[in-house]
Amino acid sequence: MDVLLAIAAIGLIVVWLARRGAAQTGPRSRLAGSTDIVDRDAARVVADLRARQQERGNARSSAGPPL
């Protein structure tokens with residue numbers, strides 16, 4: 001009885017996975033993982049980080065040598 005229940009469960013999982021895979025075939029919309037856009041946030045964050053590094057470098061150089 002346990003073996004039949006396990007076989008039925010495995011069968012249902014296989015059928016579910018087959019249907020799920022069949023539903024995902026075909027062309028995708030451009031919004032699903034498109035990489036041809038410009039990420040303005042990344043450019044802004046990089047610019048902010050570089051500005052902070054320069055500010056820290058300028059503050060350290062003007063402070064003089066450590067005592």
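**Surface and salt bridges**

Colleague: Is Trp16 buried or exposed?
Modeller: Look at its relative accessible area, which is 52%. Buried means under 20%, exposed over 50%, and partly exposed in between (1.4 Å probe, protein chains only). So Trp16 counts as exposed.

Colleague: What kind of model is this?
Modeller: Residues are numbered from 1 along each chain as its sequence is written, and side-chain values use heavy atoms, leaving out hydrogens and water. Local features need pLDDT of at least 70, side-chain atom pairs count only at pLDDT 80 or more, and totals for chains, interfaces and linings use all residues; the model is predicted.

Colleague: Where does Trp16 sit?
Modeller: Start with the folds: the protein has 2 helices and 0 strands. These are DSSP runs numbered from the N terminus (helices: H or I, at least four residues; strands: E, at least two). Trp16 belongs to residues 2-23, helix α1.

Colleague: How much area does the nonpolar patch with Trp16 cover?
Modeller: Patch residues have over 30% relative accessible area and no salt bridge; nonpolar side chains (Val, Leu, Ile, Met, Phe, Trp, Tyr) are joined within 5 Å, like charges within 9 Å. Areas come from the Shrake-Rupley method with a 1.4 Å probe. Ile13, Trp16 and Leu17 make this patch, of about 330 Å².

Colleague: What share of the 67 residues counts as buried?
Modeller: The protein exposes about 6,800 Å², with 62% supplied by carbon and sulfur atoms. The buried share of the residues is 0%.

Colleague: Which residue forms a salt bridge with Asp48?
Modeller: The rule is a side-chain nitrogen of Lys or Arg within 4 Å of a carboxyl oxygen of Asp or Glu. Here the closest N and O atoms are 3.7 Å apart. Asp48's partner is Arg44.
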